[in-house]
Amino acid sequence: MGNIFAQVFVVLYSKQTDRKTKVTISPERLKEIASELASRPHHEKVRSLVYELLVNGLGARSTELDFERQVPEVHGRIDALLGRTLFEFKSDLRREQRDAENKLPDYLNQREKETGTHFIGVVTDWATFIPYELRGGKLCQFEVFNIPPDNPRELLLWLSSVVAVNADLEPTSEIVRRELGRSSLAWNVARHELGAIWNEVCKYPEIQLKHDLWAQLIRRVYGATLDEDSLFLQHTYLTVIAKTMAARVLGVSAAEPGELLSGRRFTEVGIGGVVESDFFDWMLESGKGVDLVRRIALQAGRFRLEDVQTDVLKGLYESLIDPDQRHFLGEYYTPDWLAERMCVEAINNPLEQRVLDPACGSGTFIFHAVRLLLKTADESGIPVPDAIERACRQIFGVDVHPVSVQIARVTFLLAVGQDRLKQRPLNLNIPVYMGDSLQWNTRGFLAERDVLIEVPETNKLLEFPFEVTHGPVLFDAVIERMLELSQQGASSDSLTDWLERNYHLCEETLKTLAQTYDTLHELHRNKRDHIWGFVARNLVRPIWLSQNSQKADVVIGNPPWLSYRFMDADLQSRFRMECQSFGIWHGQVAQQQDLSAYFFVRSVELYLRDGGTIAFIMPYAAMTRRQFARFRTGLYGSPQKGSSRLVFATVHFTDAWVFSDKVQPLFPVPSCVLFAVSGDGGGPRLPERVHVAQGELPRRDASATEASKYLSWHIQSWPTERTSRVTEGYADRFRSGAIIIPRIFFTVQEIEVGKLGKNPAAPLVVSRRSNLEKPPWKNLPSLRHNIEASFLRPLYLGESIAPFRVLSPILSIIPWDNEQNKLLSSTEALLQGYVHLARWSAEAARIWSQYSSGRRTLIEQLDYYGQLSAQFPVAPLRVVYSASGTLPAAALLSDETAIIEHGLYWMKVGSKGEGHYLLSILNSETARKLTERLQARGQWGARHFDKVVLSLPIPPFDHSDKLHKALANASTRAERVAAAVPLDEGMHFVKARQKIRATLREDGIAQKIDELVSELLEIKR
């Protein structure tokens, strides 16, 4: 190096992922090195310190370092090389970052051309590290890393993630997430390369089939279409990591990517059900993909897996899926402390009981069920091979999510542990299956169901009759023979002859299997066949588990909480039909229902033996809310003639653990654990007492010891149920606002058109966009046209209202014809000469027909439940209040052109006196406290007022009543106080509400109103 500012490029890479690295650098020495580097020593000292960091700090071999290597192609010199990461040292990146960025592409490009592999470049001044890569010939920057001044050890941890030398990392959820998760360099590099490889091979028929089959399963899991390609790449990355860890746990050598992803080495040593060819080996079609698998495996193979105590991989999965997306999907993974506590409570005879988690996710419950069985086996003196065999015979997991299944299989192995696996039985099969626990891909009566597998982009089905699906041995033999015959070009007669020689199947079964074989054979000819064995073998397993002889003693887990309103139209229809068949559908609150109650009931029906125990984590609403009222009866079946019911399943709830919003951090909404026993034993269906937890945990992934320390428990009565809709008093006079969705079609903003100003008769408008939009609407371009001014109306949202004050509305297009008293379609608008509205509506309707479910026209969607047309003719005076939030907000609206959106409830009032009377009550802290227990609860407490506040005994307004007049007068004063509060333009509505409430308290009028409301409702203070 010429001086301290010279370029030092260090390339770090090790092909020996299984080596143990001895790190000899001490914390004190690390601090000294950091201090020396910060002092800008001479170049020889820098090289010495870098060598010490890499060799002693990270365990790199000194023989792998190649210092001061000339690079004549770019007229430079790489001062040190060790693999694939280039470090350029600078004195101060605030001044020299651009200079480094100008030089770095040449070095990266030269190394990649020479070696044919991908490189990472890191520019650093030893306070800040900025990683880069070349993407399409351009330098692209990743997330910046800054060394914490009081913790230089973080430098080693970060360098380890960059260079993949340290092969002895502690496998905690936090470290796995940091090294491989959403913000890691490993993922950020891999996702861009995955995208490039996908673009290269995605048109291959076999690969497209794998993607499409995966997408079918994902839509079944999530109930809606997501950004499929992006999610597919995430799942590919996760699968490579999980399979690498499986190989590490079992000590299986799988040096080649093909062997790693197919699981061939596992089957050769008698280990089944861990790794198999699936949707995610598509990368192997590209040479770049083979190289990328090696590098992902290198990163994933660095963890010390001998003494894992938790499900460490769920943290990785969570880190790669956006938190808002997980909330939308109803995916809330279970902390280990809670899963362990539930297993101990529900599994009282672990050596004998069959245990099933029908929505196993990453395998948290499986992990603790296996650990519990093995611990009991040790205490009972059962040999290790027998104990492992018993675990594989008694503990099962099913999930429709293919990546979750792969991770759960590894979790099962981690639960057994490396030491025990050295003593495994001769044949080890991990009983975790990719299947639809709800069995929506089947046809038949109760347990005797045929399995139907859709072939993407065709109207064809692969059908497997119950006669061959009820036993895995027979089915596996049949599907394997089908695939073998297809590869040899045999006709269906060959299959039929083989079946007749070896199995006694009925004529109808033989005919159906022949038809299925013909379809498989056609897929083979079209190069779309290699995945069917994997798909079919897994999807039939739930049929086997639902046989009487296989039913579980304990069904345990955390079912999906996918909300009805987030399901697509097809799933909504199926869900509604299925809930109706069990008698748990509640149409009046359909939008508030979710998948959890149905999943609970279906699991009891299919998988739980009579007298068995089910323990599920459920939303707390399952204990109190109206949409779960029929679920709480414990009697599930179809209504029959008269008052009788055909009962499919019965349970007695025996206990409940309650986790309110006072237990944090846990789930985004209050939750509970419900325990029940199947069978009709008589007696009450609900327990009188429940166990309630309180306390703040140090972290969501707290240990069992920490949970025991920080949580306290007490017993209380089963919480009050709110089972009926409020209809008395003012409740029936208030109505929800219109559902203006999709907003891209109906909410707009005017466009400035220069000095000439706007067209007053037909202003130019464009769709108003929001980051809250969901696919597919958020991905569509905005509409932009002129609109007749008579169809532009102010639209008041929940955020448009503050206590006693109206805030700003937004602009909307409402195609309402006052003369005909109706909403106009594009055709009707054109007939009446409204050319601008007709053009806008026609374009919106075309897009709607392309992307919607087709169940409603766009006009029918706009007037869903008649909540828009009910606002016409617009009343001159309306009380409006926000439907959600933690604190109330109500105001008087006198705009006769305004439309009210469904974030608000509204009511027409005959006088300002009545309006102000109601505002005092609706905005009062007294009313809020009285109705808090009836509100839905979220992560930050009570939320969603809806009509619960109207369940209070509010007497009708009487202008002659002194107390009523006092409330109206107090509200009038509060309105003046609120109007005088200065609000900055563009201020967020939450802050505006806070300022108004604070001013009302300072004035004293808020307290006065609370006293009057207390007197009205006869509350003793």
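The expected span of a helix is 1.5 Å times one less than its number of residues. That rule is used in the first view of this predicted model.

**View 1. Helix H36 covers residues 989–1003.** H36 has 15 residues, so it should span 21 Å at 1.5 Å a residue. Its end C-alpha atoms are 21 Å apart, which agrees. Just after H36 comes glycine 1004, with a positive phi of about 95°.

**View 2. Five names mark the buried residues of H36: Ala992, Arg993, Ile996, Arg997 and Leu1000.** They lie on the same side of H36, because they cover an arc of only 130° around the axis. An α-helix has 3.6 residues a turn, so residues three or four places apart point the same way. The cover over these buried residues includes helix H35 (962–979) and helix H37 (1005–1016). Strands E28 (801–802), E29 (805–806) and E33 (878–882) are also among the covering elements.

**View 3. Arginine 481 sits in helix H20, residues 472–487.** Its relative accessible area is 27%, so arginine 481 is partly exposed. Leaving aside residues up to four places away in sequence, arginine 481 touches Leu495 and Trp498. Serine 494 is 13 residues from arginine 481 along the chain. The C-alpha atoms of the two are separated by 9.9 Å.

View 4. A disulfide is a covalent bond between the sulfur atoms of two cysteines.

Notes
Residues are numbered from 1 along each chain as its sequence is written. This is a predicted model: local features need pLDDT of at least 70, side-chain atom pairs count only at pLDDT 80 or more; totals for chains, interfaces and linings use all residues. Side-chain values use heavy atoms; hydrogens and water are left out. Helices (H or I, at least four residues) and strands (E, at least two) are DSSP runs, numbered from the N terminus. Buried means under 20% relative accessible area, exposed over 50%, partly exposed in between (1.4 Å probe, protein chains only). Contact means heavy atoms within 4.5 Å. The arc is that of the directions from the helix axis to the C-beta atoms.
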